Amino acid sequence: MQLTTRTMPQQKRIALVAHDPCKPDLLNWAIDNQAALEQHTIYATGTTGNLLQAHTRLSVLALMSGSIGGDQQLGYLIASGQIDVLIFFWDPLSAVPHHSDVKALMRLATAWNIPIASNACSANFLIHSSLFEQALEITVPDSDAFLSSRVSHVTQHGVHTQNLL
């Protein structure tokens with residue numbers, strides 16, 4: 001896959017997500033770090049976003065609840081370069097019905113080279129890093145080059161473009 005760069009802005013676009021058993025932990029973490037989080041744009045899946053709005057001063061762009069589409073909305077935002085950081089408090093000891101959605105989010109965040117925190121300790125390390133408060137060049141997949149190579153490959157291997165019209 002070809003790569004390109006994008007600039008992660010100084011004001012980060014942060015996604016906050018939590019499995020149900022971890023929502024109190026994320027909420028407490030957000031309250032403890034409210035001053036730092038207020039400097040950034042916050043996205044969250046449905047229930048988590050509504051809890052954050054009810055219990056903090058944070059302005060939150062709430063998506064749908066994760067299990068009914070919010071995870072996919074967040075995946076789109078990651079893949080389109082609209083999320084810079086994923087903080088996802090997940091419960092590794094409980095089975096969740098939408099585990100494949102969780103795995104897909106982690107895969108996308110990794111593929112698009114954005115930092116991921118999965119608990120309060122890693123989230124603290126992340127937001128208190130000196131890199132967190134500055135613009136940062138990151139390497140990401142070159143989606144235009146990827147699409148162009150795929151279309152070119154298919155065209156070269158037997159698809160006649162006049163049949164597509």
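At what angle do helix 1 and helix 3 pack, and how far apart are their axes? The angle is about 40°, and the axes lie 10 Å apart. The views below are taken from a predicted model.

**View 1. Crossing of helix 1 and helix 3.** Two packed helices are described by the angle between their axes and the distance between the axes. At about 40°, helix 1 and helix 3 are oblique to each other. Their crossing is right-handed.

**View 2. Residues in the contact of helix 1 with helix 3.** From helix 1, the residues Lys23, Leu26, Leu27, Ala30 and Ile31 take part. They meet Thr47, Thr48, Leu51, Leu52 and His55 of helix 3. By class, the residues of this contact are 6 nonpolar, 3 polar and 1 charged.

View 3. Helix 3 covers residues 46–55, with Gly46, Thr48, Gly49 and Leu52 buried.

**View 4. Val140 in strand 7.** Strand 7 spans residues 136–141 and contains Val140. Val140 counts as buried because its relative accessibility is 4%, where buried means under 20%. Leaving aside residues up to four places away in sequence, Val140 touches Gln2, Leu3, Thr4, Thr5, Arg6 and Trp112. Val140 and Trp112 are separated by 28 residues in sequence, while their C-alpha atoms are 5.2 Å apart in space.

Technical notes:
Residues numbered from 1 in each chain as written. Predicted model: local features only at pLDDT ≥ 70, side-chain atom pairs only at ≥ 80, totals over all residues. Heavy atoms only, no water. Buried < 20%, exposed > 50% of the residue type's maximum accessible area, 1.4 Å probe, protein only. Helix = DSSP H or I, 4+ residues; strand = E, 2+ residues; numbered from the N terminus. Contact = heavy atoms within 4.5 Å. Axes fitted to C-alpha atoms, helices over the stretch in contact; angles between N-to-C directions. Parallel < 35°, antiparallel > 145°, perpendicular 65-115°, else oblique. Left-handed = near helix turned anticlockwise from the far one by under 90°. Nonpolar A, V, L, I, M, F, W, Y, C, P; charged D, E, K, R; others polar.
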